[in-house]
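Hello,

Here is the structure I promised to pass on to you.

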Amino acid sequence: MSDMRDLSARLERVEAELALHRLAYRYCVAADHRDLDLWRAVWTPDAVWDTGGLDHEHSGIDAICAAVQRQWQAFPVMQHGTVNHVVDLGTAPEGITSEGTATGRSDVIVHVRTGDGWITGGGTYLDRYRRHDGEWRISRRTVTRPFDLGPLPGLPQPAG
């Protein structure tokens, strides 16, 4: 019987890890394709999105949605690429933490188009995840190690 419990716990961990990786991708798709419904679905209602710097902590789903809509107005095109996504599901012997929480870390590269051309930026996301209505969602995302690179001199810029 213990073998079946072991197998069940391992399967639950694999499914959770896959769901958390899909969540990271859905975040990027929602941002890049300006899909507000999908954007809303990646966050818990009480989530916090800390984009770094002063006055850049957005608390609650409505504030988070308003913040991304301001980004969409500022940048006609955005393209996110999340890489090196590592999740920690906890160490409870039965698998996922009893609270249905996990943490994660990923790096991101972001290309945005401005009126003057393209800018590349990125950083690291430090995440807390929580199950909400049966699905994994981001409960807190903190951007660390942010960087921006403007268009490099002497290199042709992609056509609009």
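Below is what turned up when I went through the aromatic rings and the cysteines.

One thing to keep in mind from the start is that this is a predicted model.

Let me begin with the rings. The structure holds six aromatic pairs. One of them joins Trp39 and Trp43, whose ring centres are 5.6 Å apart with 65° between the planes, an edge-to-face arrangement. Both of these tryptophans, Trp39 and Trp43, are buried.

Trp39 also pairs with Trp49: here the centres are 5.2 Å apart and the planes meet at 65°, so this pair is edge-to-face, given that angles over 60 degrees count as such. Trp39 sits in helix 2 (residues 36-41), while Trp49 belongs to strand 1 (residues 43-50), so their contact ties together parts that lie 10 residues apart in sequence. Trp49 is buried, as is Trp39.

Now to the cysteines. How many disulfides does the structure hold? The count is zero. Cys28 has a relative accessible area of 7%, so it falls under the 20% cut-off and is buried. Cys65, at 3% relative accessibility, counts as buried too.

Happy to look at any of this together with you.

Best wishes

Definitions and conventions. Residues numbered from 1 in each chain as written. Predicted model: local features only at pLDDT ≥ 70, side-chain atom pairs only at ≥ 80, totals over all residues. Heavy atoms only, no water. Phe/Tyr/Trp six-rings, centres within 6.5 Å; stacked < 30°, edge-to-face > 60°. Buried < 20%, exposed > 50% of the residue type's maximum accessible area, 1.4 Å probe, protein only. Helix = DSSP H or I, 4+ residues; strand = E, 2+ residues; numbered from the N terminus. Disulfide = S-S within 2.5 Å.
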